[in-house]
Amino acid sequence: MIKVAVLGYGTVGSGVVEVIESNNAEVSAKAGEEMHVSYILDLRDFPGDPYEDRVIHDFNVILNDPEVSVVCEVMGGVGAAYQFTKQLLEAGKSVCTSNKELVAKHGAELLEIARNKNCSYMFEASVGGGIPVIRPITKALTAEKIEKITAILNGTTNYILSKMEKEGAGYEETLKKAQELGYAERNPEADVEGHDACRKVAILSSLMTGKNVDAEKIYTEGITGISPADFDYARAAGMTIKLLATSEAVEDGRVLAMVAPALVSMGHPLAAVNDVYNGVFVKGNMLGDVMFYGRGAGKLPTASAVVSDVIDCARHIGRSSIICIWDREEAGLADVDESRKCFFVRAKASAREKAEEIFPGCRFVECGRAEDCGFMTAEMSEKEFKEKSSAMGDGILCRIRLA
C-alpha cells in the first residue's frame, strides 16, 4: 500500500483527497499498488467531514512515519511549506505540489535535495493548474531548444479581460463580479498585478534555460490600468488584450522575461483563450509552435494534476523520478529596455498632432471616439519609446505593447 499524506485541507487539498478516494481504483491501478490517504495536516478541525478521522495537527507524525512515502504540499506560501518540504525530502519522502511561489523561489534547491536523497519533487500543477505543461516540455520536447514561451497563466485576469471585452464593463465592476463568482480573491493583488503569472513564467524560464530565474527580477505589470476604451481601439484594429507572460531566449544565453498586458491579433491562437481558461504557446527550434490549453485553476483540475504526480512518484519509490532540473546558478536576464516592439498608444485628442511629430510613421486607429485618439507605433526599443513618451508630456493616457 502507498500511504499518502496531504499538507493543507483547503480548496486544492480537499480536491486531492477527493480525486484519490473517488478514483481510487484507477489511481491505484496506475500506481501499481493500492493508494491510501493516511494523514491530512491542517490547523483546523473538520467536524462532519467524511475524512475528519485523518486530520492531524502535528507535522512530525507525517515526517516520522516510515510508511508515508509520498506527500502532497498544497498549503501555499514559502514559510512552513518550505520548511516542511525540505524536511520531507531530506527524509527521502517524495513531495508533489501546486505551490508556484515555493517552486519559483526554492525549486532549484529542493530539486537538488530530492535528487541526492533518491526521491522526487514534482510540481506539474504549479504552472498550468490542470493543464499538462511541465511534462510535455521536459519529456516530449526534450529534443527541442525552446526559443520562446508566450502564455496566459492566470485565470482571474483572463476572466476579467474577457468580460471587459465582451460586455464593455469597467475594470472595477468586472473585478467585483469575479470576486462574487469566486474567481478572484478578496485581496486580488497577486492576480491583477501580475505576480501569480510572474512566478509561473519564472518556473517555465528556469526549465527553458536550465538555470534559476528569479521571479523578483522579472519585469511585471498588471491589468489595473486597462479600460473599456482600450478594448474599443483593440477591436477596431482586429485585436484583443491579454495579460501575457513571455520568456524568450536572446543572445549570450540570456533570457528576456516579462509579464504585461499585450495587444494580440485575433488570428493568434491565444486570442481565443477566454474566461478562466489558460493557454501556453511554446516555440521550439525544430518543432515550431505547439500550444497547451485548458483550465489553469480550480479545485479538481489542479488536484488532478497533483495526483498525476503522486502516481508518478508511487511508481518510483526509492528512486528519483525527477523529470527536470535546473541549477542554482542564476540565469542572465536581459534588460527590458533592450527589447524591441510596436506599441499601441491611447492619447488625448488634443495630442494627435504632437504624436505625429514625435512618432513619425505611426498608424492611427479610428473607432469613433472623439475624446481621445489611438495609434500604433513603428517597432522600437523600450528605451526609445520611454524617451518619446516623455516628450509627449501628459498627452499619453495608456500604452500597451503589441505581442
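Which residues in α13 are buried?

## Helix α13

In this predicted model, the buried residues of α13 are Thr302, Ala303, Ala305, Val306, Val307, Asp309, Val310, Ile311, Asp312, Cys313 and Ala314. The helix covers residues 299-315, 17 residues in total. From its first C-alpha to its last it reaches 25 Å, close to the 24 Å expected at 1.5 Å a residue.

An α-helix has 3.6 residues a turn, so residues three or four places apart point the same way.

In soluble globular proteins, nonpolar side chains tend to be buried together. Here the largest nonpolar core has 83 residues, and Ile62 and Tyr121 have the most contacts inside it. A second, separate core is made of 31 residues, including Ile2, Val37, Val55 and Val307. Val307 is also one of the buried residues of α13.

Apart from neighbours within four places in sequence, tyrosine 121 is in contact with Thr85, Leu89, Val95, Thr97, Leu102, Val103, Leu110, Leu111, Ala114 and Ile322.

## Serine 14

Serine 14 belongs to helix α1, residues 11-22. Its relative accessible area is 17%, under the 20% cut-off, so serine 14 counts as buried.

A polar atom of the serine 14 side chain lies 2.8 Å from the backbone oxygen of glycine 10. With neighbours within four places in sequence left aside, serine 14 is in contact with Tyr9 and Lys299.

## Methionine 286

The loop between β12 (277-284) and β13 (288-295) holds methionine 286. This residue counts as exposed because its relative accessibility is 67%, over the 50% cut-off. Methionine 286 and glycine 170 are 116 residues apart in sequence, and their C-alpha atoms are 43 Å apart in space.

Technical notes:
Residues numbered from 1 in each chain as written. Predicted model: local features only at pLDDT ≥ 70, side-chain atom pairs only at ≥ 80, totals over all residues. Heavy atoms only, no water. Helix = DSSP H or I, 4+ residues; strand = E, 2+ residues; numbered from the N terminus. Buried < 20%, exposed > 50% of the residue type's maximum accessible area, 1.4 Å probe, protein only. Core = buried A, V, L, I, M, F, W, Y, C linked by side-chain atoms within 4.5 Å. Contact = heavy atoms within 4.5 Å. Expected span 1.5 Å × (residues − 1). Polar contact = N/O pair within 3.5 Å; in protein donor to acceptor, adjacent residues only side chain to side chain.
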